[in-house]
Amino acid sequence: MSEILQAIASRRATKHFDPEYRIADADLTAILEAARRAPTAFNIQNYRFLVVRDAEQRRRIRAAAWDQPQVEECSALIVMCADIKAWEKDPARYWKDAPEAVRDGYVGMIRSYYEGREQVQRDEGFRSCGLAAYALMMAASAYGLQTCPMDGFDFDRVGEIINLPSDHEIVMFVALGREASAPKPRGGLLPLDAVVQYDSFA
């Protein structure tokens, strides 16, 4: 447990990665395998991980991301996307290992919950990607790597660059690799009682 808590406490956004470092394919796969176990409503697994390694593709994305160097310097750039319509794409597959009655029940619930509720579909996709992104960052930490969650970019332009499907939305980037320099000191944390309330807001 102490390792998990230490990873949470020490996680910082890395702005400068070692551009010479290459993450092993097996390690990256293991990190992605861990991240895809993040929870999703009705188990619809509506997060999508686009791994960008191609140098020219990274260059184009960097130009759309305020020229932030971590886009090119990191070992792997993960574009976290939400499949907004995942709920209607063969929903039985999300419960394929469950008994038939359970599977049929969940398929019905999925349809009744999401159908005609576009805002809910989008909100659920973004929540799922947020959970998966944090799982990705914690898994990377277990492999001795550092990460940088990012949203400082032109979402529409990046969507064009990556040929984003029309029923997907980009949520954020997660850059991961080996840091080239330690991050700046933490800016500061609010006191616990400034962010935690109990039972209701006063």
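Here's a quick tour of the sheet, the surface patch and the salt bridges in this structure. Keep in mind that this is a predicted model.

- As a general point, strands of a sheet pair through backbone hydrogen bonds, in either a parallel or an antiparallel way.

**Who pairs with whom**

- Strand 1 and strand 2 are joined in the antiparallel sense over 6 bridges, and Phe 49 has Met 80 in strand 2 as its bridge partner.
- Strand 2 pairs with strand 4 over 8 bridges, again in the antiparallel sense; here Met 80 stands opposite Met 172 of strand 4.
- Strand 3 and strand 4 (residues 168-177) make an antiparallel pair with 5 bridges, and Met 150 is found opposite Phe 173 in strand 4.

**Strand 2, under cover**

- Is strand 2 enclosed or open to the outside? Of its 8 residues, 8 are buried, so the rest of the structure largely encloses strand 2.
- In a regular strand, side chains alternate between the two faces of the sheet.
- Both faces of strand 2 are covered: one side has Ala 76, Ile 78, Met 80 and Ala 82, the other has Leu 77, Val 79, Cys 81 and Asp 83, and all are buried.

**The nonpolar surface patch**

- Helix 1 (residues 2-10) gives the most to the patch, with 3 residues.
- Ile 4 belongs to helix 1. Its relative accessible area is 55%, which is over the 50% cut-off, so Ile 4 counts as exposed.

**Salt bridges**

- Side chains of opposite charge can pair when their charged atoms come close.
- Glu 33 bridges to Arg 36, with the closest N and O atoms 2.8 Å apart. Glu 33 is partly exposed at 33% relative accessibility, and Arg 36 is partly exposed at 41%.
- Arg 60 and Glu 56 form another salt bridge, their closest N and O atoms being 3.5 Å apart. Both lie in helix 3 (residues 55-63), 4 residues apart, or about one turn of the helix. Arg 60 is partly exposed at 32% relative accessibility, as is Glu 56 at 35%.
- Arg 62 and Glu 72 meet through their side chains in a salt bridge of 2.9 Å, N to O. This pair links distant parts of the chain, with Arg 62 in helix 3 and Glu 72 in helix 4 (residues 70-73), 10 residues apart. Arg 62 counts as buried, because its 18% relative accessibility is under the 20% cut-off, whereas Glu 72 is partly exposed at 34%.

Definitions and conventions. Residues numbered from 1 in each chain as written. Predicted model: local features only at pLDDT ≥ 70, side-chain atom pairs only at ≥ 80, totals over all residues. Heavy atoms only, no water. Pairing = 2+ DSSP bridges. Helix = DSSP H or I, 4+ residues; strand = E, 2+ residues; numbered from the N terminus. Buried < 20%, exposed > 50% of the residue type's maximum accessible area, 1.4 Å probe, protein only. Salt bridge = Lys/Arg side-chain N within 4 Å of Asp/Glu carboxyl O.
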